[in-house]
Amino acid sequence: MAKLPRYLFPSDYMADPAAHVFNGKLYIYPSHDWEAGAAFDDDGGHFQMKDYHVLSFNDIENDEATDHGVILDVKDVKWAEKQMWDSDVVEKDGKYYLIFSAKDYNGVFHLGVAIADRPEGPFIAQEHPIRGAYSIDPCVFKDDDGQVYCYYGGLWGGQLQWNVAPQKVLKEGVDLGPAPDRKTQLFTAPDMPALPSLMARMSDDLLQFAEAPRQVLVVDKDGQPLKAGDPHRFFEASWMHKYNGKYYFSYSTGDSHYLCYAIGDNPYGPFTYQGVILEPVVGWTTHHCIVEFKGQWYLLYHDCVPSNDITHLRSLKVQRLFYNEDGTIKTVVNE
């Protein structure tokens, strides 16, 4: 009998899961934590991931993971120097496209594309990153009509604040993270709208954006954007899934450590805030995905219990996820 929650890959540190069903199996594309000895800082300099693995399951509740090994290494990406953070994969016409985030040689995060013939890779990276894409945490969502959308962005070390300028820059207030000069901090007032994530429909070949990126607005029940001082506003870790014809945009709140979600009627939103999916876990970061597999919905995420709260050594975890009759998600209790 399965006992959930459970850790999915106890032999190594993996985080930031993106899960999809391909060919009847569940594939998980995580980031790969390791102890690089880098100094801790608010920009995430201690997260020095350098490659990606993929795990697969026939039964996520009982089976051990199959580790298919390294599917992409930073040394094989011409434009990227380091910090291969979150990624996601989408299938189209029998090809598999890994959309990933990494820093270039100027210390700027961009999104890149790598392609494989099989879900377990290996993936071959394109020579250049996606034009007009920057920041971190891509989620690629394939809608029922075959259109693919990319949701992305993260504050502080994720550099989202560099191009989505606050309405007013202050010397104190809600900390948005370092400015592009890397010497000063950006702040906004708590009652100003929170900085949103970004999204764009992808081109037919999935190598570029087909349109200019748009803001992903999370609004309250009155249609007003969540404020910068709201602990439930967006910070990083976008995820999109669909349930009963509705679009569920979920995300991490960063320094307030929740996983939250909002519901909309189309891929572009706006999305109306609904509540908390997961309360804070052990570790600084919270990052997740939501997937249906063999008739059951699951929440995958990470925490730092196995590493004794070393925040850059995280472990993948899974729990069942349930909906209420009105389509809202029942809050998951981390155990």
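Analyst: Happy to. This is a predicted model. Let's begin with overall shape: a compact globule of 335 residues would have a radius of gyration near 20 Å, and the chain has 18 Å, so the two agree. The C-alpha trace spans about 50 × 50 × 45 Å along its principal axes.

User: How many helices and strands does the chain have?

Analyst: There are 0 helices and 24 strands. Of contacts between residues at least 6 apart in sequence, 53% join residues at least 24 apart. As for burial, 60% of the 335 residues count as buried, taking buried to mean under 20% relative accessible area.

User: How do I read a pocket, and which residues are closest to the centre of the largest pocket?

Analyst: The general idea is that rolling a probe the size of a water molecule over the atoms shows where empty space is left. Here, the largest pocket holds about 460 Å³ of space. Its lining has 19 residues, with Ala19, His20, Phe141, Lys142 and Val291 closest to the centre. Strands 2 (14–22), 7 (87–92), 11 (139–142), 18 (236–243) and 22 (288–293) each supply at least two lining residues. By class, the lining has 12 nonpolar, 2 polar and 5 charged residues.

User: What about the second largest pocket?

Analyst: That one has about 350 Å³ of space. Its lining counts 25 residues, and Gly44, Phe47, Glu236, Trp284 and Thr285 are the closest to its centre. By class, the lining of the second largest pocket has 9 nonpolar, 8 polar and 8 charged residues.

Methods
Residues are numbered from 1 along each chain as its sequence is written. This is a predicted model: local features need pLDDT of at least 70, side-chain atom pairs count only at pLDDT 80 or more; totals for chains, interfaces and linings use all residues. Side-chain values use heavy atoms; hydrogens and water are left out. On a 1 Å grid over the protein atoms alone, a cavity is a set of points where a 1.4 Å probe fits but cannot get out, and a pocket is an open set with protein on both sides within 12 Å along at least five of seven lines; lining residues have an atom within 4 Å of a point. Grid points are joined across faces, edges and corners, and a volume is the space filled by probe spheres set on the points. Helices (H or I, at least four residues) and strands (E, at least two) are DSSP runs, numbered from the N terminus. Ala, Val, Leu, Ile, Met, Phe, Trp, Tyr, Cys and Pro count as nonpolar, Asp, Glu, Lys and Arg as charged, and the others, Gly among them, as polar. The radius of gyration is taken over C-alpha atoms; the globule rule is 2.2 Å times the number of residues to the power 0.38. Buried means under 20% relative accessible area, exposed over 50%, partly exposed in between (1.4 Å probe, protein chains only). Contact means heavy atoms within 4.5 Å.
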